[in-house]
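Student: I would like to learn how to read the features of a structure that is new to me. Could we go through it together, one feature at a time?

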Amino acid sequence: MLNYHEVMTTDFSTLGAAATAWDAMAGKFESLRTTYEKKVPSTTTSGVWLGQAQQVAAPRFAVTRNEYSNAQIQARAVAALLRDAETLFTELRGKVRAAVDEAVAAGMKVSEGGKASFDFSKVGAATANAARHDPDLAEVERSWTHRIQQAVDAFEEADHGVKLALIDAVTDTNFNDGTFGGFNGSRPYPSLAAAAKAENMPKDRTEVSDWWRSLDPVTRGILLEEQGDALKKAGVLDPAYQWRQADSGAGGFGTEEPTAHDAYLLAQAEAMMATGDFIGNTEASRNLAHYLSGTGTTLRLDVDRAMSDDGSFRAAVASDISNHQDQWKQEALDAFKKSGGAPVSIPVETKAVGGTFEDRNWYLGVGSHMRNVSGNVSVVPDADGQPKITVDYQVNVWDRYNWDAGKETPIGPVTIKDTDMARLHTVGLAQEFDMQGSSSAKQHDLGGAGAQAVPAGDPGRDGTRKDPARGEEENR
């Protein structure tokens with residue numbers, strides 16, 4: 001465990017000197033790799049050496065050449081960590097010193113162990129006598145000692161983080177590269193701060209989007225390369241846009257007493273719901289059933305099914321992407337260039353816009369809505385080092401289930417006025433609710449010119465209003 005004296009007396013400049021030595025080592029590995037690549041593998045391809053030994057040697061030479069590359073990456077990663085550590089430790093020691101200076105300014109003296117106590121030598125006899133008899137003096141001393149210790153603890157936490165980062169930097173995690181316990185060729189995070197952020201993804205999905213946007217492009221690129229599928233499931237494609245309902249709908253829930261006529265309206269609504277199932281408008285009947293359940297809880301929309309059913313909706317999404325893709329490509333390519341050719345990823349999102357479903361089933365079930373596209377544009381180098389650009393995205397839809405005055409809705413032989421349906425909310429026989437949903441993750445190639453068609457979503461399994469969980473991804 002670190003103590004105050006160690007923090008204040010350690011020479012951190014040795015870390016910078018060590019970083020310089022590691023960089024020099026990386027340069028030597030680079031020279032060795034170049035020499036090896038020029039002189040050794042060619043012996044297996046020149047045609048002079050043939051036979052079983054040549055066939056065995058070729059892949060082994062490739063492993064060795066790869067290890068020289070990995071050694072160079074690992075050495076530069078260690079060098080970068082050591083430089084970061086020097087900067088970080090110097091900054092944190094400054095905070096310890098500031099805490100001590102404030103304690104001294106408040107009349108304390110601080111021991112080599114970091115304990116604060118009243119400095120009687122700096123006050124007159126009367127003040128010293130008063131301080132000795134002050135019942136709060138011990139608590140004041142403890143408070144200053146605790147403040148100094150907090151600064152020391154922050155330093156120790158950083159020291160532990162550096163240790164873990166260095167262990168990670170020199171640990172070979174690729175078990176398919178022909179070596180066991182070899183050099184680590186994984187791309188290092190840009191800094192210790194980036195590494196710390198990368199390892200602290202929130203557990204609450206609602207916070208993941210903000211965390212993801214707080215990372216730098218290279219860190220996001222590394223994380224997607226290593227944990228892409230898991231991160232997408234965790235919510236890194238989720239939008240930053242926060243939807244709010246546009247109006248108050250029918251007003252307060254259950255603010256009036258139901259009448260006999262309201263019971264008749266409820267029976268009509270139930271008949272309309274059953275008719276919807278019968279004629280195949282299952283989304284409409286499902287959403288109406290949720291309204292009549294009176295719970296008011298948010299209903300998950302099956303956006304993949306909507307994309308499968310409604311071609312006009314898919315076309316609108318394709319247009320959303322097309323309108324933004326040039327800007328997205330340029331931002332991603334700028335980040336790729338700045339990174340020196342390392343994989344990068346930038347979060348992207350279209351502006352939320354209003355739309356109306358044309359498919360009859362979805363028109364009756366949702367109608368007008370807000371939508372946007374959110375995701376990440378990634379750039380990785382191809383075999384020739386040229387940028388390969390893709391966008392991973394999801395389509396998001398929001399709406400409030402309520403009924404507009406002045407309209408009426410026919411479903412099969414049943415027609416009902418929207419005003420009557422809205423009244424069911426007012427008298428507490430039904431309740432308005434929010435609807436929202438996101439499609440599964442999709443990928444779009446941004447490398448070529450022009451827009452590409454958005455694929456139809458997976459419709460999932462069939463279901464009726466009695467199958468409300470079908471819109472959830474795990475139940476499709």
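Tutor: Let us begin with an idea needed for helix packing: an axis is a line fitted to C-alpha atoms, for helices over the stretch in contact, and the angle between two axes runs from 0 to 180 degrees between N-to-C directions. Please keep in mind throughout that this is a predicted model.

Student: At what angle do helix α10 and helix α14 pack?

Tutor: Helix α10, residues 282-293, packs against helix α14, residues 418-426, at an angle of about 40°, and their axes are 10 Å apart. On the α10 side the contact is made by Leu 288, Tyr 291 and Leu 292, while α14 brings Met 421, Ala 422, Leu 424 and His 425. Sorted by class, the residues of this contact are six nonpolar, one polar and no charged.

Student: How do the axes of helix α7 and helix α8 cross?

Tutor: The axes of α7 (residues 205-214) and α8 (residues 217-234) come within 13 Å and cross at roughly 165°. Angles over 145 degrees count as roughly antiparallel, and therefore α7 is roughly antiparallel to α8. The crossing of α7 and α8 is left-handed. Among the residues that make the contact are Trp 211 and Trp 212 of α7 and Leu 223 and Leu 224 of α8. By class, this contact of α7 with α8 has seven nonpolar, no polar and five charged residues.

Student: And how are α3 and α5 arranged relative to each other?

Tutor: The axes of helix α3, residues 52-105, and α5 come within 9 Å and cross at roughly 180°, so these two helices are also roughly antiparallel to each other. Their contact has 23 nonpolar, one polar and five charged residues.

Student: How many aromatic pairs are found, and why is the pair of Phe 12 and Phe 155 stacked?

Tutor: A search of the whole structure finds 15 aromatic pairs. Planes under 30 degrees apart count as stacked, and the rings of Phe 12 and Phe 155, with centres 5.7 Å apart, have their planes at 25°, so this pair is stacked. Because Phe 12 lies in the loop between α1 and α2 and Phe 155 in helix α5, the pair ties together parts that are 143 residues apart in sequence.

Student: What is the mean pLDDT of the chain, and where is the pLDDT below 50?

Tutor: The chain has a mean pLDDT of 87, and 93% of its residues reach 70 or more. Over residues 470-476, however, the pLDDT is below 50, although this stretch has 23 contacts in the model beyond near neighbours in sequence. Where pLDDT is low, the predicted coordinates should not be read in detail.

Terms used
Residues numbered from 1 in each chain as written. Predicted model: local features only at pLDDT ≥ 70, side-chain atom pairs only at ≥ 80, totals over all residues. Heavy atoms only, no water. pLDDT = per-residue confidence, 0-100. Contact = heavy atoms within 4.5 Å. Helix = DSSP H or I, 4+ residues; strand = E, 2+ residues; numbered from the N terminus. Parallel < 35°, antiparallel > 145°, perpendicular 65-115°, else oblique. Left-handed = near helix turned anticlockwise from the far one by under 90°. Nonpolar A, V, L, I, M, F, W, Y, C, P; charged D, E, K, R; others polar. Phe/Tyr/Trp six-rings, centres within 6.5 Å; stacked < 30°, edge-to-face > 60°.
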